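These are my notebook entries on one structure, set down in the order in which I looked things up.

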Amino acid sequence: MPFCLSLPNSRISPLLRHAPPIRCQSARVIIAGESNMAANSLRVAAAQMTSINDLAANFATCSRLVKEAAAAGAKLICFPESFSFIGAKDGDSIKIAQPLDGPILQQYCSLARESGIWLSLGGFQEKGSDDEHLFNTHVVVDDAGNIRSTYSKIYLFDVDIPGGRAYNEGSFTEPGKNVVATDSPVGRLGLTVCYDLRFPELYQQLRFQHEAQVLLVPAAFTKVTGLAHWEILLRARAIETQCYVIAAAQAGQHNDKRESHGETLIIDPWGTVVGRLPDRLSTGIAIADIDLSLIDSVREKMPIAKHRMPVEFWKSASL
């Protein structure tokens, strides 16, 4: 039977894979299907939050969510893009950008070590090659507080949103050049950030060239684009790569100019949503179990890796 885990300061976080969650008035984190969990299943958490232009306040929120995830048995918690800071004015992010060994990120490394949990920190403002630019860097930290891997966002958000504002991330952000995957206790992770989601070739590379099993998509999708495309794109990436997708999201009103869609999701390799917060805009964690045997089963029964055409085929094909 499903069980309810009581954590006084946490949000309700249903795992929907095997059965509807049992709701208990005293419980704040709900985990379903526990008895059906395979021996090689591994628990993960995905955070949802509303970052602001206050480093200390954002760290306090992240610290609370890390403690909740660790208490729920998660081995990895994923945070959204710009988890540590979202500026109120243009140029604020450049002013606070630091190298990876600076005090901001090292504070999170200490948090991972003290809590005994891996962190996916998606969208850290890493100092760039000059004073006018930064890297939008996804950092994976292990449970000993060591930086295991980093990925700099390749696709930058230079977009004029219909009915919304214009964004020009490329004016202050240097694009990354490398595709990055790294091993972890919950499987091989493929690292991406937000707008990358619209470019399936990156995810194809992560699955078929870098052997990813779990794709991480930390994001701060706009309200307009999120309502239209967020879940559809995430489920498509899961289905076409036969990977789990963990999408930690910024949510709600950050300041008078910026609002994020929210809707943190965890999706299995069949495209089923297995983790979702009941409130699209609340601060909290969604929890689910990564079942490595499910990945193997889906890939064995539908062997798209064997059926894919090589690059040479498309070069010579008549289009």
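Predicted model: local features only at pLDDT ≥ 70, side-chain atom pairs only at ≥ 80, totals over all residues.

β7 covers residues 147–152 and pairs with β6 in the antiparallel sense over five bridges. I looked up T137 and found its bridge partner in β7 to be S152.

Next I turned to β5, residues 118–127. This strand also pairs with β6 in the antiparallel sense, over seven bridges. A hairpin of six residues joins β5 to β6. I noted E126 opposite F135 of β6.

I asked how many residues of β6 are buried. Eight of the eight, residues 134–141, are buried, so the strand is largely enclosed by the rest of the structure. I checked each face. L134, N136, H138 and V140 are buried on one side, and F135, T137, V139 and V141 are buried on the other.

**Nonpolar cores**

I looked up which residues touch the most other members of the largest nonpolar core. That core has 50 residues, and the ones in question are L189, L197, W230, L234, I246 and I266. A second, separate core of 28 residues includes V139, together with F79, F83 and I104. V139 is one of the β6 residues noted above as buried. As general background, nonpolar side chains in soluble globular proteins tend to be buried together.

I took I266 for a list of contacts. Leaving aside neighbours within four places in sequence, I266 is in contact with V44 and A46, with V245 and I246, with T272, V273, V274 and G275, and with A286, I287 and A288.

**S260**

I located S260 in strand β15, residues 259–261. Is S260 buried or exposed? Its relative accessibility is 1%, and S260 therefore counts as buried, the cut-off being under 20%.

I recorded the surroundings of S260. Not counting residues up to four places away in sequence, S260 touches A220, F221, K223, Q250, A251, G252, H254 and L281. With H254 there is a polar contact between the two side chains, at 2.7 Å. I also noted G226, which is 34 residues from S260 along the chain; the C-alpha atoms of the two are separated by 7.9 Å.

**Cysteines**

I searched for disulfides and the count came to zero. I looked up two cysteines for burial: C78 counts as buried at 3% relative accessibility, and C194 is buried with a relative accessible area of 8%.

Conventions:
Residues numbered from 1 in each chain as written. Heavy atoms only, no water. Disulfide = S-S within 2.5 Å. Buried < 20%, exposed > 50% of the residue type's maximum accessible area, 1.4 Å probe, protein only. Helix = DSSP H or I, 4+ residues; strand = E, 2+ residues; numbered from the N terminus. Pairing = 2+ DSSP bridges. Core = buried A, V, L, I, M, F, W, Y, C linked by side-chain atoms within 4.5 Å. Contact = heavy atoms within 4.5 Å. Polar contact = N/O pair within 3.5 Å; in protein donor to acceptor, adjacent residues only side chain to side chain.
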